[in-house]
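Hi there,

Here is the structure I promised to send over. Have a look at it first, and my notes on the strands and helices follow below.

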Amino acid sequence: MGTSDSSFQAAQRFLLAAKGFWTTKMYSRLRAEYAEQCAAQGKAPQTVTEVADVVESLTTYRYFAWLERHLQSAKYSGRYGLVPHYRRRQEEALGKLDGIEHDPALELDAALEMPAYYVATDIHQHPGGVWSEPIAGLVYEHGARTTTPLLGQTHADLHTRFTEKIAADGQPTRVLDMACGFGKSTLPFARRFPAAKVQGLDLSEPCLRVAAHAAREEKLDNVKFRQSDASQAILEENSFDLVTSTMFLHEMPPRVLDQVFDECIRVLEPGGRMVHLDFWHIPDPFDRFLHYGHGRRNNEPYMQPLAELDLPGILAKKGFKDVLIEPFHESSGTSGGSDAWRFPWTVISARKPAHS
Ligand SMILES: C[S@@+](CC[C@H](N)C(=O)[O-])C[C@H]1O[C@@H](n2cnc3c(N)ncnc32)[C@H](O)[C@@H]1O
């Protein structure tokens, strides 16, 4: 028996509701039990290992961790998963992207070699990752609508807020959005800065096709997308006054990240700035423990290594100035407090010196 569209929709809505429960009620219950245990055992954990000693044996924690892993797995795989859904409708779903490769705003590179770290993991538990089959961009776009369940269908708010934060520091004229995916981070720049030339760059052809299609639908003529590796020196030096990324820095091993920062400073013009939105500022050891676990359970092996890096030291050594690393609230409904789980959103910004 086939899986009907309405069964798929209902199952995905159920998964989202369950994730909402996990994010709020389960998280606050776990946090309360953790506090009780700390008090009962006379402990005040300061490190992830000390938190683990208190938390790992709690049944609520095990259930929390199991749900985190398996709700995400069910979102992508199995009878009602996104990947089988799009595979069943591949021809119809991809129809809208037909011919997009001829759009002058899209530059693909069929010979581009995918880095080893990129192909080694089914990132986010997305079977085949965001790059290996034609539907991958559509699947990722659909999946991203429910990545932060508290935001529900208003997830775009995150990127809009990030764009507004950047706009508050001045209007860029040449923007490079590294690892732009399906354009969710890039299109808000193109809309907000209509006089700027915006370039999105990503490894994934299927994602770039979706990005270019979205830009064409919106008739945005100041944005281009290019298939390229952000860690390689492909672009001209001193050619952008703003380099950005969202949810990118945690997706690669530190040695590749080092090359990405080299690229940022190389392609920026003197005085230009880079602004990355990622996960780094985690002062609370309990939240840090959960974040590291999230990385393992969601197939994101470089979340922990990024969070452990001395970013201010690395950026200063590379010659960046005005390094600023600050927490970021992705939506007015989710800021502060410890009543709900949230990503440790962090803005990492710095400037290339005006005169070197
Ligand atoms: C979590 S997604 C974020 C996409 C987008 N910035 C957003 O906010 O929706 C990470 C993206 O990084 C891309 N990526 C990973 N390594 C890359 C590299 N070395 N060069 C360019 N893109 C890369 C992936 O293909 C994926 O689209």
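The strands involved are β6 (residues 268-279) and β8 (residues 345-351), which run antiparallel and are joined by 7 bridges. Strands here are DSSP runs of E with at least two residues, helices are runs of H or I with at least four, and both are numbered from the N terminus.

Before going further, please note that this is a predicted model, with local features needing pLDDT of at least 70 and side-chain atom pairs pLDDT 80 or more, while totals for chains, interfaces and linings use all residues. Residues are numbered from 1 along each chain as its sequence is written, and side-chain values use heavy atoms, without hydrogens and water.

The open sheet has 8 strands in the order β1-β4-β3-β2-β5-β6-β8-β7, and its pairing is mixed (two strands pair if DSSP finds at least two bridges between them). At its edges, β1 (106-107) and β7 (321-327) each pair on one side only.

Now the helices. α1 (residues 5-41) packs with α12 (residues 285-297) at an angle of about 130°, the axes being 12 Å apart. Axes are lines fitted to C-alpha atoms, for helices over the stretch in contact, and angles run from 0 to 180 degrees between N-to-C directions. In α1, Tyr27, Leu30, Arg31 and Tyr34 meet Phe286, Asp287 and Leu290 of α12 (contact means heavy atoms within 4.5 Å).

Happy exploring!
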